[in-house]
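Hello,

Here is the structure I promised to pass on. Please have a look, and my notes follow below.

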Amino acid sequence: NIIAENMRGIDSASVNVMIEGERAECILGIVRIQDFTIATEVLQADIMAFVNQCAEIVHGVVDEFNGAANKSSGDCFMVVWRCSQASAEQREKHSVPKISFSPRKSRLTKFADAAAGQLGLNDDDMETNSQGSDTFAGPPKAADEEDAEERRRTSQMADMAMMAFSKLLGSVHRSTVLAQYRRHPGLQQRLGHLPPIGKRCRVHMSMGLHYGWAIEGGVGSEFKVDASYLSPNVSVAESVERMTEIYDVSLMVAESVMNICSAGMAGKCRLVDRVIVTGSLDPIGLHSLDLDWSGVEADTKGSRRPTQLSTNEQYSIRQFLTREKAAKMKKDCIDLFNENPDICAMRARYTQEFMYIFAMGYQNYAQGEWQAAGKRFETTRDMLGIEDGPSKALLDYMRRRTDPHMGQGFYAPQDWNG
């Protein structure tokens with residue numbers, strides 16, 4: 001659609017890149033293939049097939065949940081869920097003007113009556129203000145209903161994004177095609193000795209989500225043009241994804257997404273820290289959607305797709321997928337989340353007791369009560385049977401910030417503000 005906009009009004013097949021972009025509210029997602037540098041050195045020319053196999057899964061799952069793949073740069077994929085329905089020009093075109101007039105001015109009365117008749121309004125659509133003059137307010141509740149629908153759609157898109165990335169992680173580790181790389185001798189030699197032992201040879205991806213505005217449009221020249229999203233929020237989304245390495249989690253969700261998603265999906269996440277990241281002047285909350293990918297095994301019983309599909313088969317599949325995408329917009333994502341077997345397997349470790357103790361520890365941490373926070377984080381760090389990344393990261397941070405002259409334990413610095 002972005003490139004089509006650049007080609008509109010041009011007689012030839014050329015592209016006019018010198019047109020204004022359009023501001024859009026969207027959810028920006030970053031997906032990064034882990035250990036990509038080592039994979040490139042080992043696979044050499046086969047790295048292209050490897051990246052395309054990963055892209056097929058990423059793009060397929062994102063499209064299934066009404067997202068759109070935007071750009072790929074080697075180890076990194078950027079995907080977008082566009083939340084704003086109409087452009088500013090379209091909203092202005094369909095807005096209903098508000099006209100105030102006094103009943104003593106017959107010419108204005110006739111003008112308002114004519115305007116109301118053209119819009120198909122009756123006397124019930126006319127209001128009277130405190131001074132006794134009539135106010136032409138347009139269709140009642142139409143704006144409120146549009147705003148409510150826009151908020152519902154935005155919330156649904158946020159749920160879709162979180163659901164898509166959760167399913168994506170399971171799909172990557174269940175993929176029969178990607179499982180073949182676990183037995184690659186070169187990758188085993190380079191990655192087999194790295195922690196977690198026996199699990200590092202898996203193809204793994206880290207993901208980050210952030211919500212904000214971006215300018216969408218074509219970027220390039222007559223020789224090459226790309227559909228792009230330009231905004232500081234793109235840098236924030238990339239920074240949020242980078243936080244997965246520090247906190248040793250697979251999926252990090254920014255506070256901006258948590259503010260618009262449903263309560264059910266928000267309840268699946270835990271607040272792990274508040275930080276200042278590149279692209280943002282103010283601290284943002286980081287929420288982890290906890291998923292333990294080590295519990296997902298490759299689907300050895302899955303049948304491979306045919307090497308070639310006929311045109312009719314491809315058309316039928318596209319029609320089916322389009323209907324499924326439309327149906328998902330009417331479903332509650334929390335039900336899809338709870339019913340997905342891979343997600344259930346990845347969530348099994350994270351009990352209510354664990355989430356409760358960590359939440360209490362984080363409250364102590366944010367309020368500067370680091371002695372109590374340290375005890376609770378030490379409990380949650382070893383509570384799952386595997387080391388909990390956020391608990392370890394916060395313990396390490398408190399250890400670095402504690403004045404050694406204060407004695408044993410953890411003590412918040414004087415300038416601590418949460």
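This is a predicted model: local features need pLDDT of at least 70, side-chain atom pairs count only at pLDDT 80 or more; totals for chains, interfaces and linings use all residues.

Residues are numbered from 1 along each chain as its sequence is written, and side-chain values use heavy atoms, without hydrogens and water.

The whole structure holds twelve aromatic pairs (ring centres of Phe, Tyr or the six-membered ring of Trp within 6.5 Å; planes under 30 degrees apart are stacked, over 60 edge-to-face, the rest tilted). The rings of phenylalanine 358 and phenylalanine 377 are 5.3 Å apart at their centres with planes at 45°, so this pair is tilted. It joins helix 15 (residues 352–366) to helix 16 (residues 370–381), across 19 residues; helices (H or I, at least four residues) and strands (E, at least two) are DSSP runs numbered from the N terminus. Both rings belong to one aromatic cluster, whose members include Tyr350, Trp370 and Trp416.

Aspartate 35, between strand 1 (22–33) and helix 2 (36–43), has a positive phi of about 55° although it is not a glycine. Asparagine 66 has a positive phi too, near 65°, and lies in the loop between helix 3 (47–64) and strand 2 (68–73).

Best wishes
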